[in-house]
Amino acid sequence: MASPVLHGLAGAGLAYAMAGGKGLPLFASGRKTGGYLLAGAALACLPDVDYLPGLLRGYLNTTHQQATHSLAWVLLAAFGIWLLGRAVQPAWFGKRTLALLLVLIGSHLAIDWVTADHFAPYGFPLWFPFSEARTLGPAWLPAWEKTALADLARGNNLRTLGIEFGAGLAFEAGCAAAKRGWTRRGSAL
Ligand SMILES: [Zn+2]
């Protein structure tokens, strides 16, 4: 499973690619770009809230890769956030924002799917609660070794995190290029 480094970079890239235009007046303002990219990064990391019980117990993997890494949870979380947002600020939460929320939170599962997994339970329950079967993809990316969040800074994770950083930046470059193609103008943010 990938670390917050890759999830965060990918989320910021996706948020950037899908920002701007009449559908998202919130994001048309350059002033808000930083906060917007941060929100994109945080949303892309959202399924990893299942680290929290493990953080409290001192062993990160206690409840990791359970229900929050399922399609049903992604849909619920995206719709939940969208409905809440709509109640507070209807103008910002149109259909495009719902699509963006689904893509951002869903990106987490896509990235975890192509990342190796060294700790049981292997893979994640994509079809939960309809099936407990766990899925895991082709392991294109290495997994970081972790029993605690502090392990992110440990020497043996440097190579993995370096690869994630490179992959994340490459993905962001792709997002920026895609956006340029779509909007046919410089920065739309
Ligand atoms: Zn995850």
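The following legends describe close-up views of a predicted model.

The model is predicted, and local features need pLDDT of at least 70, side-chain atom pairs count only at pLDDT 80 or more, and totals for chains, interfaces and linings use all residues. Residues are numbered from 1 along each chain as its sequence is written, and side-chain values use heavy atoms, with hydrogens and water left out.

**Figure 1. Overview of the protein and its helices.** The protein contains six helices and zero strands, in the order α-α-α-α-α-α along the sequence. Helices (H or I, at least four residues) and strands (E, at least two) are DSSP runs, numbered from the N terminus. Of the 189 residues, 41% count as buried; buried means under 20% relative accessible area, exposed over 50%, and partly exposed in between, with a 1.4 Å probe and protein chains only. Among contacts (heavy atoms within 4.5 Å) with a separation of 6 or more, 70% are accounted for by residues 24 or more positions apart.

**Figure 2. Helix α1 and its covered residues.** The 15 residues of α1 should span 21 Å at 1.5 Å a residue, and the end C-alpha atoms are 21 Å apart, which agrees. The expected span of a helix is 1.5 Å times one less than its number of residues. Helix α1 is mostly covered, with 12 of its 15 residues buried; among them are L6, H7, G8 and Y16.

Figure 3. Helix α5 comprises residues 95–113, and its 19 residues should span 27 Å at 1.5 Å a residue; the distance of 27 Å between its end C-alpha atoms agrees. A kink of about 25° is centred on G106, where the bend at a residue is the angle between axes fitted to the seven residues ending there and the seven starting there. The buried residues of α5 include L98, L101, I105 and L109. Their cover includes α1 (4–18), α2 (33–45) and α4 (71–88). T97, also in α5, is buried, with a relative accessible area of 5%. The C-alpha atoms of T97 and M18 are 9.0 Å apart in space, although the two residues are 79 residues apart in sequence.

Figure 4. D48 (OD), H69 (NE2), H108 (NE2) and D112 (OD) are the protein donors of the zinc ion, at 2.1 to 2.3 Å from it. Donors are N, O and S atoms within 2.8 Å of the metal (3.2 Å for Na, K and Ca); water is not among the atoms, so sites may look incomplete. The angles among the four donor atoms run from 89 to 177°, and the site is irregular. Four donors count as tetrahedral if all angles lie between 85 and 135 degrees; four count as square planar and six as octahedral if opposite donors are over 155 degrees apart and all others between 65 and 115; anything else is irregular. The donor residues follow the spacing D-x20-H-x38-H-x3-D in sequence. H108 and D112 are separated by about one helical turn because they are four residues apart in helix α5, and both are buried.

**Figure 5. E164 in helix α6.** E164 lies in helix α6 (residues 158–183) and counts as buried, at 0% relative accessibility. The side chains of E164 and S3 make a polar contact (2.5 Å). A polar contact is a pair of N or O atoms within 3.5 Å; within protein, one must be able to donate a hydrogen and the other to accept it, and residues adjacent in sequence count only if both atoms are side-chain atoms. Not counting residues up to four places away in sequence, E164 touches residues including A2, L9, P142 and W144.
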